[in-house]
Structures are given as structure tokens and as C-alpha cells.
Amino acid sequence: MSHLTGTWNLDPDHTEIGFVARHAMVTKVRGNFPEFTAQLTVDGENPKATATIKTASIDTGNSDRDAHVHGEDFFDVEKYPEMTFESTAFNVDENGNGTVEGNLTIKSTTKPVTLTVETFGVETDPFGNERLGFEASTTIDRTDFGVDFQAPLKSGGVLVSNKITIVIEGSGIKA
């Protein structure tokens, strides 16, 4: 990972922290959190990744749904305005591909997660910024984090899946 050495700040204009949930057991709803700060520091043997995400920034493309998700049934953004991630271990090859383990905190509940990471390389953009591109993903059970609203369906299914896939399409700018 020597070509990744340095501190990389995720560029909010070119990074998406998104999620996918199954809705009514028959379709998927996607959304993202456009307000965040995140950083990757690769410094010898102890790389570190951190992120702070503003829960009220959630955007699912539907203002009524977003308003519901802001409330106590889901993120309770007044009481829990942020969710965080802090890495605990990097298990990646020299190109930055592999897994990153860390602690995800949502609604004051912290649980370990493992992100599968694919790094696409480093490139200098037309403005002279050195950029790092990557994708990372994990799947969580939202009820583990106290996000446990549910409405049963007549079929026996549920309105919102417990399983949530988190996908980060990242572009970091070297500091």
C-alpha cells in the first residue's frame, strides 16, 4: 500500500455513502447521506479510516419517507445527529484490496463491521489533486443498532428489511 501513503480526505462532491433496503419485500429503496467527513490515513503499519455522517442528511428521493426516517422510528436525528465509523484493522493487499474491520456506531450502539474494499488506484486530476478511488461495502442488521421500526404485511413479510447494505463509492483527495 506504499503508493497510498498519506492522508486522504473523502471528497463529498465525488463520494457517495449509500444504502439499499428491501421495501415491502418486493423492491429496493436506495438512499445516501451527502453530509459527512471521512478520512483515510495510510502511515506505515497502522492505517486508519474514520467517518462521521450527519443522519439528518439522509436522502432517499422521497421527502415524506425522509421525514419519517428522521423521526424516532428510525434515526431519531434530534437525539442522534451523527453516526460514526472507526477502523480497527486493515486486511488489504499492496493495492488496497481486501477488508477493513471497524466499529460502526448508530444511535449510540457500536457494533463491529467488516467492509469489503476494492481500490481503483491513484490519479492526478486536471486541477492537480492527487485522488484515490475505491468502493467499500458491508451488510448490517439495522435492528442491532436500535433501528427497529417495523410494519407487518398480510403475506407475513415486513415493510422494511432488517438487512441493509451499505455501499461507499469513494474519492479521496490527498491532503
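Arg 131 comes out as buried, at 17% relative accessibility, where buried means under 20% relative accessible area, exposed over 50% and partly exposed in between (1.4 Å probe, protein chains only). The model is a predicted one, in which local features need pLDDT of at least 70 and side-chain atom pairs count only at pLDDT 80 or more, while totals for chains, interfaces and linings use all residues. Residues are numbered from 1 along each chain as its sequence is written, and side-chain values use heavy atoms, with hydrogens and water left out.

Arg 131 makes a salt bridge with Asp 11, with 2.9 Å between the closest N and O atoms; the term stands for a side-chain nitrogen of Lys or Arg within 4 Å of a carboxyl oxygen of Asp or Glu. Arg 131 sits in strand E9 and Asp 11 in the loop between strand E1 (6-10) and strand E2 (16-23), so the pair ties together parts that are 120 residues apart in sequence. Asp 11 is buried too, at 9% relative accessibility. Asp 125 also forms a salt bridge with Arg 131, again with the closest N and O atoms 2.9 Å apart. Asp 125, like Arg 131, is buried. Through shared partners, Asp 11, Asp 125 and Arg 131 end up in one network of salt bridges.

The structure holds four salt bridges. One of them brings together the side chains of Lys 54 and Glu 82, at 2.7 Å from N to O. This pair, too, links distant parts of the chain, with Lys 54 in strand E5 (residues 48-54) and Glu 82 in strand E6, 28 residues apart. Here both partners are partly exposed: Lys 54 has 37% relative accessibility and Glu 82 has 38%.

As for the overall layout, the protein chain has one helix and 10 strands, in the order β-β-β-β-β-α-β-β-β-β-β along the sequence. Helices (H or I, at least four residues) and strands (E, at least two) are DSSP runs, numbered from the N terminus. Of the 175 residues in the protein chain, 39% are buried.

Strands E8 and E9 (residues 130-141) run antiparallel and are joined by eight bridges; two strands pair if DSSP finds at least two bridges between them. Across this pairing, Thr 119 stands opposite Phe 134 of E9. Five residues lie between the strands of the E8 and E9 hairpin, where Gly 128 takes a positive phi near 90°.

Asp 76 has a phi near 45° and belongs to the loop between helix H1 (63-70) and strand E6 (82-92). Its relative accessible area is 14%, so Asp 76 counts as buried. Ser 108 has a phi near 65° and lies in the loop between strand E7 (98-106) and E8. With 60% relative accessible area, Ser 108 is exposed.

Glu 118 belongs to strand E8 (residues 109-124) and is partly exposed, at 43% relative accessibility.

Lys 28, in strand E3 (residues 27-32), is partly exposed, with 44% relative accessible area. Lys 28 and Ser 161 are 133 residues apart in sequence, yet 9.4 Å apart in space from C-alpha to C-alpha.
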